[in-house]
Amino acid sequence: MDLKDDAVKGIVPWDGTLSSFDFSLSAHTFSDKWKRFNPSFPAWKWITCPKQHHLVASHKVEGYLSLENMCHIKSSQSLQEQESDRSLTWKEESNISQREEPFDKATLVCPEHEVNHYDFHIVYSASYRVPVLYFRSYRSDGQLLPFNEIEKDLPGHSAKLRSESKWTFITHEEHPYLNRPWYKLHPCGTSDWMKLLFHSDSSLNKNGFVIEQYLISWFSVIGQVVGLKIPLEMLDTVVSNDS
């Protein structure tokens, strides 16, 4: 059976979840398109991990997507200005002293300003059968930031999103592969809103639900909570590439 055919599922009775193999397939599609349409931004990398369970099918793929060593450079704006137009200024650590290009219309500031470092991981949840965004932040000396400090770096609309939506609340739990506490956006409502998203948007389902595009649509919503937006071109190609 062709693997791509196996990844294409009918809209009904799809429940908004995906298998671990489908997650791997969708993750690679997401990573490839992110790199293609967002070349000035660091790439998401697939990290292969040892299987956590010995009694699993040989074809099962385990791993996660990683975007690390990102720098949030604190703005020199006044507190009032930050509250009215708070957007993240992201840089890859290795390029912090090189010529920079703005992302998400953020204003770039000089490297001597205070910097917080961020790591982002997209991990598959076997219990919820959906992707989960894990993240952590630390200062240049390696000291981990508590959430009340991280919250100051988040975009202004993040608090409103988290207070109004059951699927955007943040918890502090052990990373399933690194065995260290990370923050994560809890996945309890993910399958419900993903199902609604694909059923309500005819442009996504006119040719049937294509599992490869799952993470692109998922991250277009989840990424907003932490100030990471995907290029609109990635969404525009969700259907056109499979027409």
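In the predicted model, helix α2 meets helix α8 through Phe23, Ser26, Ala27, Thr29, Phe30, Lys33 and Trp34 on the α2 side, and through Tyr214, Leu215, Ile216 and Phe219 on the α8 side. Sorted by class, this contact comprises 8 nonpolar, 2 polar and 1 charged residues. Two packed helices are described by the angle between their axes and the distance between those axes. For α2 (residues 20–37) and α8 (residues 214–222), the axes come within 7 Å and cross at roughly 65°. The helices α2 and α8 are therefore roughly perpendicular to each other, since angles of 65 to 115 degrees are placed in that class.

Helix α8 also packs against α6. The axes of α6 and α8 come within 11 Å, with a crossing angle of roughly 110°, which makes α6 roughly perpendicular to α8. From α6, the residues taking part are Thr190, Trp193, Met194, Leu197 and Phe198, and their partners in α8 are Tyr214, Ser217, Trp218, Val221 and Ile222. This contact of α6 with α8 contains 8 nonpolar and 2 polar residues, and no charged ones.

Helix α8 is mostly covered, with 8 of its 9 residues buried. The buried residues are Tyr214, Leu215, Ile216, Ser217, Trp218, Phe219, Ser220 and Ile222. Val221 is also located in α8, but this residue has a relative accessible area of 21% and is therefore partly exposed, as burial requires a value under 20%. The C-alpha atom of Val221 is separated by 9.8 Å from that of Met194, a residue 27 places away along the chain.

The largest nonpolar core of the model contains 40 residues. Within this core, the residues with the most contacts are Phe30, Trp44, Ile122, Leu133, Trp218 and Phe219. At least two core residues come from each of α2, β3 (63–73), β5 (115–125), β6 (130–139), β8 (181–185), α6 (190–200) and α8. Of these elements, α8 gives the most, with 6 residues.

When neighbours within four places in sequence are left aside, Trp44 is in contact with Phe30, Ser31, Trp34, Leu65, Ser66, Leu67, Phe120, His121, Ile122, Leu133 and Phe219.

For the protein as a whole, 9 helices and 9 strands are assigned. Of the 243 residues, 47% are buried. Among contacts with a separation of 6 or more, 62% join residues 24 or more positions apart. The accessible surface amounts to about 12600 Å², and carbon and sulfur atoms account for 50% of that area.

Leu144 is situated in the loop between β6 and α4 (147–153). With a relative accessible area of 49%, Leu144 is partly exposed. Beyond residues up to four places away in sequence, Leu144 touches Arg136, Ser137 and Tyr138. The C-alpha atoms of Leu144 and Tyr118 are separated by 9.9 Å, these two residues being 26 apart along the chain.

Most residues other than glycine have a negative phi. Arg129, in the loop between β5 and β6, has a positive phi near 60°. The relative accessibility of Arg129 is 38%, so this residue counts as partly exposed. Asn179 likewise has a positive phi, near 55°, and is placed in the loop between β7 (170–174) and β8. The relative accessibility of Asn179 is 51%, and Asn179 therefore counts as exposed, the cut-off for that class being over 50%.

Technical notes: Residues are numbered from 1 along each chain as its sequence is written. This is a predicted model: local features need pLDDT of at least 70, side-chain atom pairs count only at pLDDT 80 or more; totals for chains, interfaces and linings use all residues. Side-chain values use heavy atoms; hydrogens and water are left out. Axes are lines fitted to C-alpha atoms, for helices over the stretch in contact, and angles run from 0 to 180 degrees between N-to-C directions. Helices (H or I, at least four residues) and strands (E, at least two) are DSSP runs, numbered from the N terminus. Angles under 35 degrees count as roughly parallel, over 145 as roughly antiparallel, 65 to 115 as roughly perpendicular and the rest as oblique. Contact means heavy atoms within 4.5 Å. Ala, Val, Leu, Ile, Met, Phe, Trp, Tyr, Cys and Pro count as nonpolar, Asp, Glu, Lys and Arg as charged, and the others, Gly among them, as polar. A nonpolar core is a set of buried Ala, Val, Leu, Ile, Met, Phe, Trp, Tyr and Cys residues joined through side-chain atoms within 4.5 Å. Buried means under 20% relative accessible area, exposed over 50%, partly exposed in between (1.4 Å probe, protein chains only). Accessible areas come from the Shrake-Rupley method with a 1.4 Å probe; for residues, only the protein chains shown count as cover.
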